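Student: I have a model open and want to go through its layout. Can we take it piece by piece?

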Amino acid sequence: MVDVLDNKRAATRFRILVQIAERQPAVSQGEIAEEVGVTSQAVSEYIRELVNDGLVEKEGRSRYRVTKEGVDWLFRAADDVRRFADHVTGDVLGAMSEDAYIALEEIEEGETVSLFIEDGLLHAEPGSEGPATGIATTDAEAGTEVGVTSFEGVMDLEPGSVTVLQVPSIRTGGSRAIDDDTVRDACAGADRVAATGIEAIVACRQTDVEPSVTFAVGEFAADAAEHGLEVTVVATTDSVGRVTDALRDADVSYEVLEG
């Protein structure tokens, strides 16, 4: 394993080789020295070593190119750096980070809690029976927020999906042109209902459905689905494209129904 984090010399060698790969074939040792933070003489010595080791080949005055062996070495070194970064962000910082959860029962600071997602929101309860656990960093009454750190395990979260119901624009009949039962059926069972366009909002209200959101509906639906909720978007025909664009950008599953 090539460990460029083991010592300063290995790290400098890695950075200089990266600079050569980025600038080849015309390589300015002065520019590399300024970028890496060493002297031009040091860069010259490193390059000589890299040539002798077969990682760089010299093509002429101030012209160098990374060899196939050099590329392979860079890949191995970059993998070491990536694995170390993943360890820091995932294992070290992840264990140190603190997030807020809704306490389902009274929780005391330092207590082990089970963590899960309900109605798209993070919840915690005393005990370690859940598939994911953490340590409470604050006291909390039931229904208030509690800080949690030292996260372990995996919270089960099945991504939701979005149903988009088209409502004709005013030019083609508007809310009067869609059957009330069609709107009710589309909204029945949804965790959240959103509407965009006046015709769509009126169609919802005529069936006693009050949308949760009437602005930035595509982004709202995508975020809700990513939190495991089933969402119905009632959208005027002119607005459907903006909604589905946001859903595609978020890689959220959806279907469009004709009104």
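Student: Which strands does helix 6 lie across?

Tutor: This is a predicted model, where local features need pLDDT of at least 70, side-chain atom pairs count only at pLDDT 80 or more, and totals for chains, interfaces and linings use all residues. Residues are numbered from 1 along each chain as its sequence is written, and side-chain values use heavy atoms, with hydrogens and water left out. Helix 6 (residues 198–206) lies across strand 8 (162–167), strand 9 and strand 10, at about 125° to strand 10. Helices (H or I, at least four residues) and strands (E, at least two) are DSSP runs, numbered from the N terminus. Axes are lines fitted to C-alpha atoms, for helices over the stretch in contact, and angles run from 0 to 180 degrees between N-to-C directions.

Student: And what does helix 7 touch?

Tutor: Helix 7 (residues 217–226) packs on the sheet and touches strand 8, strand 9 and strand 10; contact means heavy atoms within 4.5 Å. Its direction makes about 165° with that of strand 10.

Student: What's the strand order in that sheet?

Tutor: The order is 9-10-8-11, an open sheet of four strands with parallel pairing. Two strands pair if DSSP finds at least two bridges between them.

Student: New topic: which strand does strand 6 pair with?

Tutor: Strand 6 (residues 132–136) pairs with strand 7, antiparallel, over four bridges. Alanine 132 has glycine 153 as its bridge partner in strand 7.
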